[in-house]
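Good morning, colleagues. Please look at the sequence and the model together.

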Amino acid sequence: MKTILEQLYLGEYYPAEALCVEDEEYHRLQQRIGEELRYWEARLSKEEFKRFDELEGMFAAAGEFEQRESFRQGAALGISLLLEIQKLEQTRLRE
């Protein structure tokens, strides 16, 4: 079995694509968002809804930037914690 590091190197693992939210509240929220989109699509002109849809796309794009940065900061924090723990463990072993 390949390690995660090997899978990343070989281009076989994409953390963003592996994302699977299992929280029931998330799924209810997604359903409500779909209902709201259908509501506004029925009430706005085609041109207005097109602009509304573009706005939704901009929100999604901004969210992707936030997710990438959150992932980067989380990974950096995890690595920092591992290094600190390793340093503490080495100090403890020398005593």
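I begin with Glu69, which counts as partly exposed because its relative accessibility is 31%; partly exposed is the class between buried, under 20% relative accessible area, and exposed, over 50%, with a 1.4 Å probe and protein chains only. Its partner is Arg72, and the side chains of Glu69 and Arg72 meet in a salt bridge at 2.6 Å, N to O. A salt bridge here is a side-chain nitrogen of Lys or Arg within 4 Å of a carboxyl oxygen of Asp or Glu. Arg72 has 46% relative accessibility and therefore counts as partly exposed. Both Glu69 and Arg72 lie in helix α3, 3 residues apart, about one turn of the helix.

Before going further, a word on the basis of these values. This is a predicted model, in which local features need pLDDT of at least 70 and side-chain atom pairs count only at pLDDT 80 or more, whereas totals for chains, interfaces and linings use all residues. Residues are numbered from 1 along each chain as its sequence is written, and side-chain values use heavy atoms, with hydrogens and water left out.

How many salt bridges does the structure hold? There are 3. In general terms, side chains of opposite charge can pair when their charged atoms come close. Glu89 pairs with Arg92, the closest N and O atoms being 2.5 Å apart. This pair, too, lies in helix α3, with Glu89 and Arg92 3 residues apart, about one turn of the helix. Glu89 has a relative accessible area of 33%, so this residue is partly exposed.

Lys2 forms a salt bridge with Glu12, with 2.8 Å between the closest N and O atoms. Lys2 lies in the segment before α1 (4–9) and Glu12 in the loop between α1 and α2, so the pair ties together parts that are 10 residues apart in sequence. Lys2 is partly exposed because its relative accessibility is 39%, and Glu12 is partly exposed at 44%.

I turn to the surface patches. These are made of residues with over 30% relative accessible area and no salt bridge; like charges are joined within 9 Å, and nonpolar side chains (Val, Leu, Ile, Met, Phe, Trp, Tyr) within 5 Å. Glu41, Glu47, Glu48, Asp53, Glu54 and Glu56 gather in a surface patch of negative charge. Helix α3, residues 46–94, gives the most to this patch, with 5 residues. Glu41 lies in helix α2, residues 24–43, and is partly exposed because its relative accessibility is 45%.

A nonpolar patch on the surface is formed by Ile4, Leu5, Leu8 and Tyr13, with about 410 Å² of accessible area together; accessible areas come from the Shrake-Rupley method with a 1.4 Å probe, and for residues only the protein chains shown count as cover. Leu8 is found in helix α1.

Finally, the chain as a whole. There are 3 helices and 0 strands, where helices (H or I, at least four residues) and strands (E, at least two) are DSSP runs numbered from the N terminus. The C-alpha atoms fill a box of roughly 75 × 30 × 25 Å along the principal axes. Of the 95 residues, 4% count as buried.

Thank you for your attention.

Key
Lys, Arg positive; Asp, Glu negative; His and termini not counted. Charge placed at Lys NZ, Arg CZ, Asp CG, Glu CD.
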